[in-house]
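Dear colleague,

Please find the structure below, together with its sequence. My notes on what was found in it follow directly after.

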Protein chains: 2
Amino acid sequence: MLRASLGAGAVGLAVAMPERGRAADPSPPAEPDWSQSLGPGIGDRVYGHPSRFEADVIRRDVPWLTANAEASVSFTPLQYQQGIITPSGVFFERYHAGRPTVDPARHQLMIHGMVDRPLLLTMADIHRFPSESRIHFIECPANGGMEWRAAQLNSLQFTHGMIGCAEWTGVKLSTVLEECGIAKGASWVLAEGADGAHMTRSIPLGKCLDDVLLAYGQNGEALRPEQGYPLRLLVPGWQGNMNVKWIRRLQLGDAPWFTREETSKYTELMKDGKARGFTWPIYAKSVITFPCPEMPARGPGAYEIRGLAWSGLGRINQVDVSLDGGINWTRARLQEPVLSKALTKFTLEWRWDGRPALLQSRAIDETGFVQPTLAELRQVRGTNSVYNNNSIQTWQVKPDGSVFNVQLA
Amino acid sequence: MLRASLGAGAVGLAVAMPERGRAADPSPPAEPDWSQSLGPGIGDRVYGHPSRFEADVIRRDVPWLTANAEASVSFTPLQYQQGIITPSGVFFERYHAGRPTVDPARHQLMIHGMVDRPLLLTMADIHRFPSESRIHFIECPANGGMEWRAAQLNSLQFTHGMIGCAEWTGVKLSTVLEECGIAKGASWVLAEGADGAHMTRSIPLGKCLDDVLLAYGQNGEALRPEQGYPLRLLVPGWQGNMNVKWIRRLQLGDAPWFTREETSKYTELMKDGKARGFTWPIYAKSVITFPCPEMPARGPGAYEIRGLAWSGLGRINQVDVSLDGGINWTRARLQEPVLSKALTKFTLEWRWDGRPALLQSRAIDETGFVQPTLAELRQVRGTNSVYNNNSIQTWQVKPDGSVFNVQLA
């Protein structure tokens, strides 16, 4: 970014600038109070928290979205996310019977059904197995669900905030199942949570033996309570709902259980009234995080468009950005590391001339899957659906820099 | 890890195990209270925190280590760290005038000296530049300093806890310096903090143009106050002290400034009474995090030895583990992703027979540098030094599983 490309006022040049050569050293700015005093020592900051100036960076809920506060969801403030790691303090949470307070010394995991040796494991047992750490996103398949018809919430937090990405640590489920011995004919696993809802989902055994973790760690520390402390399932790249929290039971069987959460919920109601079930993976998706409704542009000049892309099928290969609602596309820069089933940060330098713009991003993953438009999704699935909306988001930038969520015809 | 290799009691088998074939389904364990009740909704957890059962996972200080609480240090509880990301809440902190409370709306960064156009930048200006996110460790060069002579603190937190690793986001310093125009002959940069200590360090311009960031983000959110909110220097792989926090001023010049923090402090006092200065990079280093004094073994059987390795010169290529105090070595598994100048997790499966053991780890980085023993370091540098102790750590495991910090002759 050359200085010449910065708009007036974009970078404060508070000192004299000669035509050529070096400027005289400016006077330093006045010393603020915090430069002339002693701050506190460690004191009670044995566990730290953000600056009080960051009080707006919080999870938020949509009061009208759910019937009550105990079966609800709060959204990650993606408009503030920097990089690919979502802070554990604002990682979105979805729960069906509130957040249970689980004592890790009393928590147990039972594994039974079509196994040779049923197991009852304590947390101490689970910590003793070989460990695995991986950076993966979790997305609720209802993320963007309010947009299927035309909610057009003017907010990145509420259109895309049911996602987060963390470094998870745990034991590979395959390691624990090997310990049990898998009976011949077993092909499905039922996962059940220890919360009051006893949330249950059926998961194909093949996925469980592939990359599923029994996770006890998140971003370097124990899972947070609202993320399933002390133990959750991590089902990389698949619907968030399958990543069963506070997990207490795994049952092996030879058929799915058709639980509430995979029949009346988390299925896709099609145009003809039939519903698609067991649509597990999160397909390639992306969104521009700056500018966005909560983070507008401030006058013409040089900017960096920033965003996040992800796919439940593997790595992101490419992200394109359009400034004109999808007519022309420019390839964005992907920030390393680009990891499988993880958020990937993309950026594109943008010189904004102050005229209206329609910003979009489009992700392509390593399988070649191209993120669709909402019109394309509706063509196939109609407007009854709630889940698995991975469509291209359009942000309209107005001449005053304000940003609006719009749906193109 | 085969079941046969697990020691008695290692994995709780609370249910009947037939000789062959499938066991009858056991009765599920009794339902605890949290499975029979509704937990709270989001309520005031708009910014979350760890479970109350994790109250021991905190930063700690060593009261006798520093003259007062305002020029002190607190240590990361590495014994609990899972994966390569250090939770921001327990990331070690070193400060020389306490922790200032800096208002980001009033904070400014001045860049002056041998530049064509001095700049005075607000935080809004800095956020507007192209951004960069990278996972890097920061280590205080005094980490392990208490061990130079023979403190032998029986604690991983206190022997190695002045380190942390995070995903940092900011703008490349080279981008901002390009904006200023670097005057001919400039070769050094002075970095000054806005805290009461006005902590200052001289940094070669070459490093600044290579990979230094002006960082405003850490693990997905704004820097924490004790990490330099709202802006710090990130000098990847070099002494922590150079990663100047609350940064307010960068001055370009043609010689170092020989500040207090690079003369009387942060230099290495050699055997002959001379001191080595400007010894910037952190050389290859590693430590076993399990077992360790705070996390003992619990009876013979199957374990996973876990640890962390890092180098300020690039990627970790190899970590070897010894069970017998450095006589025999076995190559450990490195957990992906292995990133440059970042913590790297290593693991090795270990079947402990219950006899005394001397556990060590030895890191080798991509430059071929091999982590030395403390004896080798003392041979070169004597016992006056405090800084840059990257020696191999020995943990003695006693038959009861307790672990002690020992120094081999």
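Two strands are taken to pair if DSSP finds at least two bridges between them; helices (H or I, at least four residues) and strands (E, at least two) are DSSP runs, numbered from the N terminus. This is a predicted model, in which local features need pLDDT of at least 70 and side-chain atom pairs count only at pLDDT 80 or more, while totals for chains, interfaces and linings use all residues. Residues are numbered from 1 along each chain as its sequence is written, chains are lettered from A and ligands numbered from 1 in the order in which they are written, and side-chain values use heavy atoms, with hydrogens and water left out.

**Sheet in chain A**

On that definition, strand 3 (residues 108–113) and strand 12 (residues 247–253) of chain A run parallel and are joined by four bridges. Met110(A) stands opposite Arg249(A) of strand 12. Both strands belong to an open sheet of five strands in chain A, with the order 4-3-12-7-8 and mixed pairing. Strand 4 (119–122) and strand 8 (200–204) of chain A are at the edges with a single partner strand each, so one side of each has no neighbour in the sheet. On average, neighbouring strands of this sheet are turned by 20° against each other, direction ignored. Axes here are lines fitted to C-alpha atoms, for helices over the stretch in contact, and angles run from 0 to 180 degrees between N-to-C directions. Helix 3 (residues 173–180) of chain A lies across strands 3, 4 and 12 of chain A, at about 135° to strand 4; contact means heavy atoms within 4.5 Å.

**Interface of chains A and B**

In all, 132 residues of chain B are in contact with 132 residues of chain A. The two chains bury about 10800 Å² between them, 54% of it from carbon and sulfur atoms; buried area is the accessible area (1.4 Å probe) that two parts lose on being put together, summed over both. On the chain B side, Trp34(B), Gln82(B) and Arg128(B) lose the most area to chain A, together 9% of what that side buries.

**Salt bridges**

A salt bridge is a side-chain nitrogen of Lys or Arg within 4 Å of a carboxyl oxygen of Asp or Glu. The structure holds 42 of them over all chains, and eight are found across the interface of chain B and chain A. One of these joins Arg45(A) to Glu93(B), with the closest N and O atoms 2.8 Å apart. Arg45(B) likewise forms a salt bridge with Glu93(A), at 2.8 Å between the closest N and O atoms. Arg45(B) and Glu93(A) are both buried, where buried means under 20% relative accessible area, exposed over 50% and partly exposed in between (1.4 Å probe, protein chains only). Arg333(A) and Glu132(B) also meet in a salt bridge (2.9 Å, N to O). This pair crosses from strand 19 (residues 333–334) of chain A to strand 5 (residues 132–139) of chain B. Arg333(A) is partly exposed at 37% relative accessible area, whereas Glu132(B) is buried at 10%.

**Cysteines**

How many disulfides does the structure hold over all chains? There are zero, a disulfide being a pair of cysteine sulfur atoms within 2.5 Å. The sulfur of Cys140(A) is 16 Å from the closest cysteine sulfur, that of Cys165(A), which is too far for a bond. Cys140(A) is buried, at 4% relative accessibility.

With kind regards
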